[in-house]
Amino acid sequence: MKIWFKALCCALTICCLMSMTGFYGACEDISQEVFRLHIIAHSDSDEDQALKLRVRDEIVRYTASLFNGCNSKEEAIAAAKEKRSEITALAREVVRNSGYDYPVEVYVTKMSFNTRIYDRFTLPAGEYDALRVVIGSGRGKNWWCVLYPALCFSASGGEEFQKAMNSGEEEIVTESGQYEVKFRIVEFFESLFSFFR
């Protein structure tokens, strides 16, 4: 009886893992379609968090016109890399004009994100390309959005986002309720894979 029970448990585990491979692949495809913004505040003080949002507003405004003619994530990343010094100068100017002397560093990098859930919109955990902005010591709460396709002012999806996603990917990010457990499993796999990278 124990052998049959163990065999049944193994079979169920294998079936669950096999059913996840397609979903995991779709989540990975989503991470290949978007370019994110990630801003880290100097600290969690109200003043530093407000400063982070002022920096965000200026970067989002600047990149909206910068990415306007981009037709792919790769073009948006290339534009961000080309204008990184201007983006850095803009962020530093906002910090200085707000009365702070914090250093600001801006990178175009690939980084891990956990699942992010909003009212009608979810991005699965994964490795994403991102414009990363670190203000001062970078020990405060962070803020993120999707720069390309542009979703920084709304986390409810939109026409640009729908154009970038196929129907299966769009369903995953807009109907998160049924996928919540699967997202947790994707996060587990991402953390496991990042351990070996």
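Predicted model: local features only at pLDDT ≥ 70, side-chain atom pairs only at ≥ 80, totals over all residues.
Visitor: How far apart are the end C-alpha atoms of helix H2?
Guide: Helix H2 runs over residues 46-66, which is 21 residues. At 1.5 Å a residue it should span 30 Å, and the model agrees with this. The end C-alpha atoms of H2 are 30 Å apart.

Visitor: At what angle do helix H3 and helix H4 pack?
Guide: Two packed helices are described by the angle between their axes together with the distance between those axes. For H3 (residues 73-82) and H4 (residues 84-97), the axes are 4 Å apart. The angle between H3 and H4 is about 65°.

Visitor: How many charged residues are in the contact of H3 with H4?
Guide: From H3, the contact takes in Ala80, Lys81 and Glu82, and these meet Arg84, Glu86 and Ile87 in H4. By class, two residues of this contact are nonpolar and no residue is polar. The number of charged residues is four.

Visitor: Which side chain makes a polar contact with the side chain of Glu127?
Guide: Glu127 belongs to strand S5. With a relative accessible area of 18%, Glu127 is buried. At 2.3 Å, the partner in the polar contact is the side chain of Ser112.

Visitor: What pattern does the protein follow along the sequence?
Guide: The secondary structure consists of seven helices and six strands. Read along the sequence, these elements give α-β-α-α-α-β-β-β-β-β-α-α-α.

Visitor: What percentage of contacts between residues at least 6 apart in sequence join residues at least 24 apart?
Guide: The protein has 197 residues, of which 42% count as buried. Among the contacts in question, the share joining residues at least 24 apart is 73%.

Visitor: What part of the accessible surface belongs to carbon and sulfur atoms?
Guide: The accessible surface of the protein is about 11200 Å². The part belonging to carbon and sulfur atoms is 55%.

Technical notes: Residues numbered from 1 in each chain as written. Heavy atoms only, no water. Axes fitted to C-alpha atoms, helices over the stretch in contact; angles between N-to-C directions. Helix = DSSP H or I, 4+ residues; strand = E, 2+ residues; numbered from the N terminus. Contact = heavy atoms within 4.5 Å. Nonpolar A, V, L, I, M, F, W, Y, C, P; charged D, E, K, R; others polar. Buried < 20%, exposed > 50% of the residue type's maximum accessible area, 1.4 Å probe, protein only. Areas by Shrake-Rupley, 256 points an atom, 1.4 Å probe, with all protein chains shown as cover. Expected span 1.5 Å × (residues − 1). Polar contact = N/O pair within 3.5 Å; in protein donor to acceptor, adjacent residues only side chain to side chain.
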